[in-house]
Amino acid sequence: MPTTTARQGHPSARQGCPGAASQARTGAHQPVREPQPSGQGLAGLTAQERDVLYALGCGLPDAEIADALSLPERAVVGQLGRVLVKLGLPDRTAAVVHAFDCGLVVPGQGPRRRSAPAVTGHGRTGPGGGGGSGAAADARLRVCVLGPLRARLGGRSVDVGPVRQQAVLAALALSPGRSVSRQALLDGVWGMESPGANVVPVYVYRLRKGLRLGECPDSVIGRDRYGYRLVRDAVEVDVICMEDLVGAAEAAERAGDGDGAVRLYGRALELFRGEPLAGLPGPLAELERLRLIERRVALAYRKAHWQLRLGRVADALAGLSALALEQPLNEPVAALLMRALHHAGRRAEALAVFDRTARRLADDLGVAPGEPLRRARWSILRGDEAGRGRVGAA
């Protein structure tokens, strides 16, 4: 019987090498063998269910678990379902965590995914093949929303379907670590034009099918009682990478490391590839598009601020000039550009920035310049040398 064999095991599984999985694929069906758990939390599981949970915790997809335990793949799916019910776990990811928490799987021991080159969601071999962490990194899905939505797997572009389907993926990508309910997806992607709740599972199914990692259909998009979410360890989102860089830049600011702040803000800005979520429909995409544009402007402003403090006036002017053209009504940007021009000895151009911005504010918004612009102009008119030295305080 498969369960009995699994208890006997194979030395390679106990020694932590990938031999058990590879032998299963070559026809030598030597099932995985779990170490005896030191913790609690497995009460009520049969021996075969423990074998399945152990293999899942070791990172094997359903097909390899089926090979290793000499079971049909549908039987593995059924066993995993019973494990989730018996342990009160919401999904497969929670089961993997539980396998470690209860001591069933020990880090560094047991079989792992094969060390062949990463296989993409369409069965193609990804670049950078090889064993270990490099293959795992190549196999991750990368979702980019800081521009037109793009998905890449193993360095290759992946087709994510029509724009509404892209918008569903974007909604999940913009909710890192959180589940998004079916109703929230309907409201965010379709708004008042909702075609009915059943459309969401259809789009999620199509995304899972097109973006799966290896043989596991749930490896990219998981589901729990709250809704759908991207599996954190399987997906990398450029927005999260951007915010990580911003956090590091802010830490550099607090430490007084201006060079580090400029470098990190620059790396964060490089992740933007044009208008965020360009062309995607729905209220959520529209709101997030505006938010991310404002975020980019704020980061460019902070980068220029530190460039001026470091005396890198030419670099600051290049960035601020482009930003002012893009944001003609942004008073803080115009004020910082005026101070940079004044710092560079270009007084007439600095005053021209004030006049141009004041006219746009009056024509487009019917308002007068605010305090930041007036203060910058007054400093220039006085010929305030202190103002030239205070550009970093803007």
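Student: How does the lining of the second largest pocket divide by class?
Tutor: This is a predicted model. The lining of that pocket has eight nonpolar, five charged and two polar residues.

Student: What volume does the second largest pocket have?
Tutor: About 270 Å³. Of the 15 residues that line the second largest pocket, Gly-177, Leu-230, Val-231, Arg-232 and Asp-233 are the closest to its centre.

Student: Which elements each supply at least two residues of that lining?
Tutor: They are α9 (163–173), β5 (227–230) and β6 (235–237). The most comes from β6, with three residues.

Student: Switching to cavities. How many of 30 Å³ or more does the structure hold?
Tutor: One. The largest cavity has a volume of about 50 Å³.

Student: Which residues line the largest cavity?
Tutor: Ala-167, Ala-170, Ala-171, Leu-174, Gly-188, Val-189, Leu-277, Leu-280, Pro-281, Leu-284 and Ala-285. Two or more of the lining residues come from each of α9, α10 (182–189) and α14 (283–309).

Student: New topic, helix α7. Which of its residues are buried?
Tutor: In α7, residues 92–101, the buried ones are Arg-92, Ala-94, Ala-95, His-98 and Ala-99. Viewed down the axis of α7, these buried residues fall within an arc of 150°, so they line one face of the helix.

Student: What covers the buried residues of α7?
Tutor: The cover includes α4 (47–57), α5 (62–69) and α6 (73–87).

Student: Where does the positive phi just after α7 sit?
Tutor: At Gly-103, with a phi of about 85°.

Student: Next, Glu-275. Where is it?
Tutor: Glu-275 is in the loop between α13 (258–270) and α14.

Student: What is Glu-275 in contact with, leaving aside neighbours within four places in sequence?
Tutor: Gly-147, Pro-148, Arg-289 and Ile-293. Glu-275 and Arg-289 are 14 residues apart along the chain, and their C-alpha atoms are separated by 7.4 Å.

Student: Now Val-353. Which helix is it found in?
Tutor: Val-353 is in α17, residues 347–365.

Student: Buried or exposed?
Tutor: Val-353 is buried, because its relative accessible area is 5% and the cut-off for buried is under 20%.

Student: What does Val-353 touch, not counting residues up to four places away in sequence?
Tutor: Ala-334, Leu-337, Met-338 and Leu-341. As for Arg-377, 24 residues from Val-353 along the chain, the C-alpha atoms of the two are separated by 9.5 Å.

Student: Last, the whole chain. How many helices and strands does it have?
Tutor: The protein chain has 19 helices and six strands. Buried residues make up 47% of its 394 residues.

Student: What about contacts and surface?
Tutor: Of the contacts between residues at least 6 apart in sequence, 62% join residues at least 24 apart. The accessible surface of the protein chain is about 18,600 Å², with 52% of that belonging to carbon and sulfur atoms.

Key:
Residues are numbered from 1 along each chain as its sequence is written. This is a predicted model: local features need pLDDT of at least 70, side-chain atom pairs count only at pLDDT 80 or more; totals for chains, interfaces and linings use all residues. Side-chain values use heavy atoms; hydrogens and water are left out. On a 1 Å grid over the protein atoms alone, a cavity is a set of points where a 1.4 Å probe fits but cannot get out, and a pocket is an open set with protein on both sides within 12 Å along at least five of seven lines; lining residues have an atom within 4 Å of a point. Grid points are joined across faces, edges and corners, and a volume is the space filled by probe spheres set on the points. Helices (H or I, at least four residues) and strands (E, at least two) are DSSP runs, numbered from the N terminus. Ala, Val, Leu, Ile, Met, Phe, Trp, Tyr, Cys and Pro count as nonpolar, Asp, Glu, Lys and Arg as charged, and the others, Gly among them, as polar. Buried means under 20% relative accessible area, exposed over 50%, partly exposed in between (1.4 Å probe, protein chains only). The arc is that of the directions from the helix axis to the C-beta atoms. Contact means heavy atoms within 4.5 Å. Accessible areas come from the Shrake-Rupley method with a 1.4 Å probe; for residues, only the protein chains shown count as cover.
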